[in-house]
Each structure stands twice: as C-alpha cells, then as structure tokens.
Amino acid sequence: MREIETELLTRILKNVQSVQNENAPSVEIIVSRANTPILCPEYWQESVVTADTTATCTSVAVKKTGRKITDVYVSYVAGGVLIVKKAAFLLPVTRMVWETVETIEGAVACAIEFDGTFRRIDRDIEYRTEDVPWIFYTTTAGTLMYGHVGDETFDTLIASNVGAIDVVKGVEGQYGEISQGLIVFYIVSGGVFYRQLIDGEWQGQESVSIAPINAVSVKAERLFDFRIVLHVTDTTGALWEVISKMEASGWNGIENIAVTLSQKNSVTAIVYPIGCGYEFLPAAISQDNKILYAFSPVMITAENINNGEGNYGYKVRVTFDERIFDPMCGFILTDEASGAWSCSSAIKISDKVLELTFGNFNNADGDCTVTYTPGTIMGDVVPLEAGAVVFSPTNLIPFAVDAPKVVTITNIEDWSGSI
C-alpha cells in the first residue's frame with residue numbers, strides 16, 4: 001500500500017472538481033497477476049545523490065518511525081574518501097535534497113545501517129529504527145572501523161586484512177527469546193565471516209561455512225520473512241546466494257496451537273441479615289500443553305562411560321534429540337578394524353538418554369559406531385528408525401589375548417605309503 005501525496009489528497013478533498021479549475025483527478029486501475037520482477041515503470045524512480053562522481057562502494061539506510069519513512073542516508077566511497085549524505089524522504093524521490101553529514105579520509109569500503117526494534121501493532125509488524133545510523137568502513141590497511149554517523153572517533157572491530165563488508169539488522173523474537181542484533185559481514189583472505197552487536201555487546205567472530213572460500217564481495221539483506229540473505233561473488237565471477245534459517249519466533253503465522261479450556265464453578269448463596277459486601281472467589285487454572293512431532297528421534301551423541309569399577313570398555317551413553325520409550329537391545333557397536341560387540345542391556349536414565357552395555361571393547365581400534373536396527377523403541381509419535389552415531393572412545397585399556405598353545409601331540413598311522 002502506498003500513501004497518497006499531499007497535493008493529490010488536497011485536490012481530491014475539494015468540493016468542485018473540474019478541468020476549468022485544474023482539479024479533475026482520475027483513477028487508472030491496472031489489474032494483473034502478481035509478478036516477482038517489477039514490470040510497471042511507475043515503480044522505478046531515481047534520485048541523484050552526487051553528480052559526476054565515481055563511487056567504488058555504496059550503501060543505503062532508511063530511518064523509520066513505525067510504518068513511515070522519515071529520512072534516507074546514503075554512504076559511498078569516492079577517491080578514497082567516505083561520504084555520508086542525508087535527505088528527508090519525499091515522493092517522487094526526484095524531489096529529495098541531499099546534504100553531506102560525514103566525511104572520512106582513507107576509506108576503501110563502507111556500509112551503513114540503522115539498529116532498531118520490531119513491534120507488533122495490531123496485525124502489522126513495524127520496524128522502528130534508532131535516530132542515528134551506524135557506519136562501518138575499511139581503511140587502506142584492511143582495518144574495519146565502526147561508529148555512529150557524527151561520532152568524533154571510531155572504534156576498531158577487526159584489526160587487519162578485511163576486504164568487502166556489509167551490514168544488516170537481524171530479526172528479534174516477539175517474546176525476546178531470539179535477538180540477532182546488528183550483523184556485520186566481512187571477507188578475510190577469501191572467507192566470509194560475521195560478528196553480531198546484541199544488546200550493546202559484540203559477539204565473537206563466526207564463519208559462514210557454506211559460502212565460497214574464494215569470496216571477493218558480499219552483500220546482505222533481510223528478506224520479507226525475516227531470513228538473512230547474502231549475495232557473494234568469488235574470484236571466478238560466480239554469484240552465490242546464501243540464505244539463513246527462519247528464526248522469526250512469534251512474528252509469522254507458521255504455528256497454530258489450539259487450547260481448549262474448561263472450567264467448573266460452584267456458587268454458594270450467602271445471606272447477610274443486615275447488609276452485604278463484595279465477595280471475591282479466586283480460581284487457579286493450570287494447563288499442560290505438549291507439542292508432538294511425527295518424526296523419528298535421532299541419535300545425536302554417544303560416549304563411553306565408567307561402568308562403576310573404573311572400566312570404560314563396557315558401557316556407552318547415547319543421547320537422542322527427542323524423547324524415547326520402551327528401550328531394548330537393538331544396538332551393535334563396531335570399530336574401524338571390523339570389531340563388533342553386541343548389546344546385552346539398554347537402560348533408560350532420562351527421557352532422551354540410554355545407557356547401553358556391550359561386551360568388553362577395550363581393544364576397540366579407532367572411532368566406534370553405535371548402530372540401531374528398528375525394533376520396539378518408540379518416539380513420541382512414530383517408532384525409532386534405523387540410525388547410527390560415531391564417537392571416539394576414551395580411557396580404554398587394551399588387554400592382551402594369549403596366542404594359541406599346543407595342548408597334545410599324537411602320532412598317527414601313515415596310510416599314504418605302500419607296505
């Protein structure tokens with residue numbers, strides 16, 4: 001939905017609308033199927049920020065108060081100088097007037113973004129920004145600097161070897177259990193990394209492991225469904241698209257939890273012979289909701305443990321990602337040298353943990369694998385499917401196996417020769 005411009009709204013509200021008084025508004029309605037590309041030329045507008053300038057890096061940030069855009073900030077690098085300009089938002093955008101609010105010498109790349117908060121207003125989700133945007137830039141020495149537009153000094157985030165950069169505001173959960181903060185993506189030695197500013201604290205460096213290892217540029221945006229998307233180009237010129245998982249907890253209608261409450265109240269009539277007052281009847285309502293998943297539980301970790309006698313070669317503790325029921329000995333333990341040990345007992349010590357007892361595997365070679373063959377073990381909804389989990393055993397004490405010994409020797413008749 002787009003707002004009606006002030007001039008057009010004034011003409012629509014006039015009592016007399018005619019060609020003679022230059023007030024004859026008309027409506028053109030275009031009905032078409034939804035298209036991903038923007039095909040209508042009316043939706044393409046441009047505003048010249050700086051004429052006759054060659055910008056080597058650009059970035060845009062929009063200031064919002066609720067659903068309205070109030071200001072637009074543009075940062076770019078031209079001739080080694082980082083320039084930040086600001087303009088009040090107007091439609092059409094050709095009417096916007098740009099003023100310079102920041103210049104920094106010795107810059108190579110830049111990125112600008114607002115931090116802010118998400119709020120649910122009725123059925124809408126509004127992103128409300130802070131008053132001043134954050135600016136990030138790299139120096140000729142590869143140092144990544146950051147601060148607010150207008151700050152007297154800027155701080156160092158990464159000391160050296162930083163190439164391309166970009167920044168995006170991550171999503172927050174409606175109930176505060178998720179906060180991605182302000183996410184800064186950057187390239188070091190061909191690898192794509194990021195750091196997050198959450199509640200005023202910088203988190204540690206993380207690697208985007210599925211991005212190409214020979215990256216040269218990165219661009220980050222937040223999608224309509226609150227996922228983060230990266231566009232990464234590599235040294236061959238290939239363009240890669242990396243999209244994060246959905247973490248928009250509480251914002252999207254992707255879950256439907258129906259709860260039915262039933263109550264029984266009994267009221268005893270009280271008669272006051274002289275007068276009456278107010279009566280307060282407290283009621284406590286308790287509910288127990290569980291979400292059941294129609295997926296088989298999966299073994300996620302395994303480790304050999306002490307059997308109570310200081311021996312780590314008999315028991316293995318296996319942890320599942322969901323609850324399990326009706327444990328049984330459907331497991332087998334193997335090593336890298338074709339050794340195999342069968343399970344003699346399976347004991348459930350918590351909803352998601354089993355302790356399995358095998359034969360003496362102190363002589364196991366290399367990593368071990370616990371394999372399950374489908375049997376009677378159940379998950380919340382479906383039976384446990386076949387699966388396996390690999391672990392590296394610790395504290396094993398190999399034992400020697402005696403070589404075969406001669407027990408008896410007996411001479412026999414030789415029937416091969418002649419008499």
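**Figure 1. Surroundings of Tyr 137 in the predicted model.** Beyond its neighbours within four places in sequence, Tyr 137 is in contact with Leu 82, Ile 104, Ala 107, Ala 109, Cys 110, Thr 143, Leu 144, Met 145, Phe 154 and Ile 165. The model shown here and in the other views is predicted.

**Figure 2. The largest nonpolar core, of 38 residues.** The residues with the most contacts inside this core are Leu 82, Phe 136, Tyr 137, Leu 144, Ile 165 and Tyr 186. Strand β5, which spans residues 107-113, makes the greatest contribution to the core, with 5 residues. Another core, of 23 residues, lies apart from this one and includes Phe 320, Cys 343, Tyr 372 and Phe 391. In soluble globular proteins, nonpolar side chains tend to be buried together.

**Figure 3. The aromatic pair of Tyr 73 and Phe 114.** The structure contains 13 aromatic pairs. In the pair formed by Tyr 73 and Phe 114, the centres are 5.5 Å apart and the planes make an angle of 70°, an edge-to-face arrangement. Tyr 73 belongs to strand β2 (residues 68-78) and Phe 114 to the loop between β5 and β6 (116-121), so the pair ties together parts that are 41 residues apart in sequence. Both Tyr 73 and Phe 114 are buried.

**Figure 4. The tilted pair of Phe 185 and Tyr 194.** The pair is classed as tilted because its planes stand at 45°, with the ring centres 5.6 Å apart. Phe 185 has a relative accessible area of 5% and is therefore buried. Tyr 194 has a relative accessibility of 22% and so counts as partly exposed; the limit for a buried residue is under 20%.

**Figure 5. An aromatic cluster.** Trp 134, Phe 136, Tyr 146 and Trp 202 are linked into a cluster by ring pairs. Phe 136 is also among the residues with the most contacts inside the largest nonpolar core.

Figure 6. With a relative accessible area of 2%, Lys 169 is buried. The side chain of Lys 169 forms a polar contact of 2.9 Å with the side chain of Asp 115, and it also reaches the backbone oxygen of Gly 116 at 3.3 Å. Leaving aside neighbours within four places in sequence, the residues in contact with Lys 169 include Glu 113, Phe 114, Phe 118, Tyr 127, Leu 182, Arg 222 and Ile 228.

**Figure 7. Arg 222 and the ring of Tyr 127.** The charged end of Arg 222 sits over the ring of Tyr 127, at 5.0 Å from the ring centre. Both Arg 222 and Tyr 127 are in contact with Lys 169.

Technical notes:
Residues are numbered from 1 along each chain as its sequence is written. This is a predicted model: local features need pLDDT of at least 70, side-chain atom pairs count only at pLDDT 80 or more; totals for chains, interfaces and linings use all residues. Side-chain values use heavy atoms; hydrogens and water are left out. A nonpolar core is a set of buried Ala, Val, Leu, Ile, Met, Phe, Trp, Tyr and Cys residues joined through side-chain atoms within 4.5 Å. Buried means under 20% relative accessible area, exposed over 50%, partly exposed in between (1.4 Å probe, protein chains only). Helices (H or I, at least four residues) and strands (E, at least two) are DSSP runs, numbered from the N terminus. Contact means heavy atoms within 4.5 Å. Rings of Phe, Tyr and Trp (its six-membered ring) pair if their centres lie within 6.5 Å; planes under 30 degrees apart count as stacked, over 60 as edge-to-face and the rest as tilted. A charge sits over a ring if NZ of Lys or CZ of Arg is within 6 Å of the ring centre and within 35 degrees of the ring normal. A polar contact is a pair of N or O atoms within 3.5 Å; within protein, one must be able to donate a hydrogen and the other to accept it, and residues adjacent in sequence count only if both atoms are side-chain atoms.
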